[in-house]
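Student: I am new to this structure and would like to go through it step by step. Could we look at it together?

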Amino acid sequence: MLLSNVQKHFCSSQLIKSNLLLSLLFLFTTQVLAQKQTIIPIETQHHALALQVGADQRVGITYFGKKLKTPAEYQHVPTMYRRGDDYSGILNSAYTPAGSRNLVEPAIQVTHSDGNTSLDLQYVSHKVQKTDKNVSTTSLVLRDPQHPLEVTLFYKVYHDEDVIEQWSVIKNNQQGPVTLHKYASANLYLSADRYYLKHYHGDWAKEMQTQETQLTAGIKVLDSKLGTRANLYQPPTFMVSLDKPATEDEGRVLYGSVEWSGNFRVDLEVDPLNNLRIIGGINPFASAYTLAPGQEFTTALFLYTYSEKGKGEASRNLHRWARKYRILDGQGDRLTLLNNWEATYFDFNEPKLAELIKDTKKLGVDMFLLDDGWFANKYPRNNDKAGLGDWQENVQKLPHGIGYLVKEAKNNDVKFGIWVEPEMVNPKSELYEQHPEWVIRQPGREEHLYRNQLVLDLSNPQVQDFVFNVLDNIMTKNPGVAFFKWDCNAVIYNAHSTYLRNQSHLYVDYVKGLYKVLDRFRAQYPKLPMMLCSGGGGRVDYAALKYFTEFWLSDNTDPLERIFMQWEYSYFFPAISHDNHVTDWGKQPIKFRTDVAMMGKLGFDIVVSKLEPKELQFCQQAVKNYNSIKEVVWHGNLFRLANPHENDFASLMYVNEAQNRSVMFNYMVGNRYGAGTGSPIKLKGLNPDKKYKVKELNLYPETRTPIKEDAIYSGDYLMTVGFNPQLSTRRTSVILELTQQK
Ligand code: DGJ
């Protein structure tokens, strides 16, 4: 069809108009889209963190808390807060750079190859990668527009468990070296009226002492500078309650931890807007790290879970995550054991050990664990002053080698495990004489020992080979060895490596070296159970637990002390990872000691032959009872019922997923007149509609239970009215098993 001129004119003006309209529409939609694209929600099942890219391309955290039903609504959150007094505009930065406009604690601080010390990080792109239905990782690339340095932030989401792991990768794209002065894993930003920090401190045999305190303006730092055994004074685990201290079942609480087996640092800064900045990662103390051109640095991981239903739910989230994704064989089995450390210390020989192996069988546990003292000949390991580093069987004590003991164990139908401390050396050892250059110490300075020993330089690949070979040689010669206890007793004094050119890399490269050895070990022996021991709980973190099936909480096995420690560890680590041994520490009877050890993985470190007949009978029965309930303890959900810090007793219970079996542990921690459970304790985690029978376990021979074992209670009753375990100063520990009745 032909168009007239008028028509043509009309059409073309119409065309221009509609083109204009189209362009306007396009502009509008792209702007809306661009605005929409700037919100990056990181969501778990119940919780969300919203990142927002500002007009200036800087990325801030605009929301942290309960997940919203409509993710688009996260964009409204910033408009509800008065952020006008944030002069820098980046108080809420997702990864706060130092040296430019920031004036608070940075997450990253660098010196560029040209000596410039400023850093600005701007959004480049982001993507989400799904591992499976439950796990996905959001990565966010940031770049400095002036100096070619790239930072990628990673947020790994474990949806069902409400857990997030964060880390960053820093890449030097410059022509020359870049020095990292601070390189945190994560930078969080929380808003509440008040913040309450529960954190931990301690020392040998005093692990997990706790304090809960309100954070005031300024920075509270949790850190370690000990190098190895980094948690001796302080672990990297903590929790922060928002508005008021969370209880077991109520309140908003964040559990956090740095996944790093060396120096860590967590800054908790209440900023001028009364928001809480949390920056966690490797401790930058004496650890400036230089990156060559093209090189990248992957930080440690920072782990957290958040709950709006109190500390109990936060623990269960973390436990579920740890069992499923982190602890080696976290959903598997564990070996009960008899350890000889406190039974013999260094004083043993083949016949004595053969007797202990028989006792292992007599007791009914799965394995005999040979501890320190079995090695070294020129400087025999007869005390802790000599021999460490010389990993050959001592011919006086073990003339027929480890092989003989493995065979003896087999003959008695038990397994055999062995202690090692491969990262360390006594100056009085052949290793020290042969390889002084492998030892961490400052040249020209007097050596300073910790437990008479020094630390080997794991940043050196030769030392890594040596450490790997300590374990590999044992396994190659004795494939029947079923378990290792990996100890680590000394801290690093006089930090200096003869191997490293750059001394400020030592603390970081030590840990990386350790992980290289453990990776190699696990490639060869993927499932061999291994205890993470560090003179007690000196090294308990979720990076190490990837390689270990369990950890040693403390050398302090006084059951009264243990109730408190096990309670505190239980916030962060599931029972399947807690190694609890019955020893002669404390003044409590064997029943109390055993009952306390049963709320984790049970072991014994006593002289079985010295037990009275009734005591032996009790222990044998307790092992049988433990075997019948261990499934519930190892894989069940934990509910803490009565806090020993607030009562003269402690009470907690584990419930299996099917809610048809449960075990309740009750212990007296005070003995004042009239102390005990005067009223019922409300149970948790049961099915209100199911019916349960209650049976008392671990009764001492010839004692009877006051519990009515033939009564049947509904879950509703047990959780509403409760149950009285009848603790008193004459009944100081009570274990109850609840079984569903059809
Ligand atoms: C420290 C550990 O914690 C103890 O259990 C024991 O293995 C000793 N070391 C042995 O030296």
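Student: How far is an oxygen atom of the ligand from an N or O atom in the side chain of R451?
Tutor: This is a predicted model, in which local features need pLDDT of at least 70 and side-chain atom pairs count only at pLDDT 80 or more, while totals for chains, interfaces and linings use all residues. Residues are numbered from 1 along each chain as its sequence is written, and side-chain values use heavy atoms, with hydrogens and water left out. For R451, the distance from a side-chain N or O atom to an oxygen atom of the ligand is 2.8 Å.

Student: How much of the ligand's accessible area does the protein cover?
Tutor: Accessible areas come from the Shrake-Rupley method with a 1.4 Å probe, and for residues only the protein chains shown count as cover. On its own the ligand has 300 Å² of accessible area, of which the protein covers 98%.

Student: Which strand joins β15 through 7 bridges?
Tutor: Strands here are DSSP runs of E with at least two residues, numbered from the N terminus, and two of them pair if DSSP finds at least two bridges between them. β15 spans residues 264-270, and the antiparallel partner that meets β15 over 7 bridges, at residues 275-282, is β16.

Student: Which residue in the turn of the hairpin has a positive phi?
Tutor: The hairpin is formed by β15 and β16, with 4 residues between them. The turn residue with a positive phi, of about 65°, is N274.

Definitions and conventions: A polar contact is a pair of N or O atoms within 3.5 Å; within protein, one must be able to donate a hydrogen and the other to accept it, and residues adjacent in sequence count only if both atoms are side-chain atoms. Buried means under 20% relative accessible area, exposed over 50%, partly exposed in between (1.4 Å probe, protein chains only).
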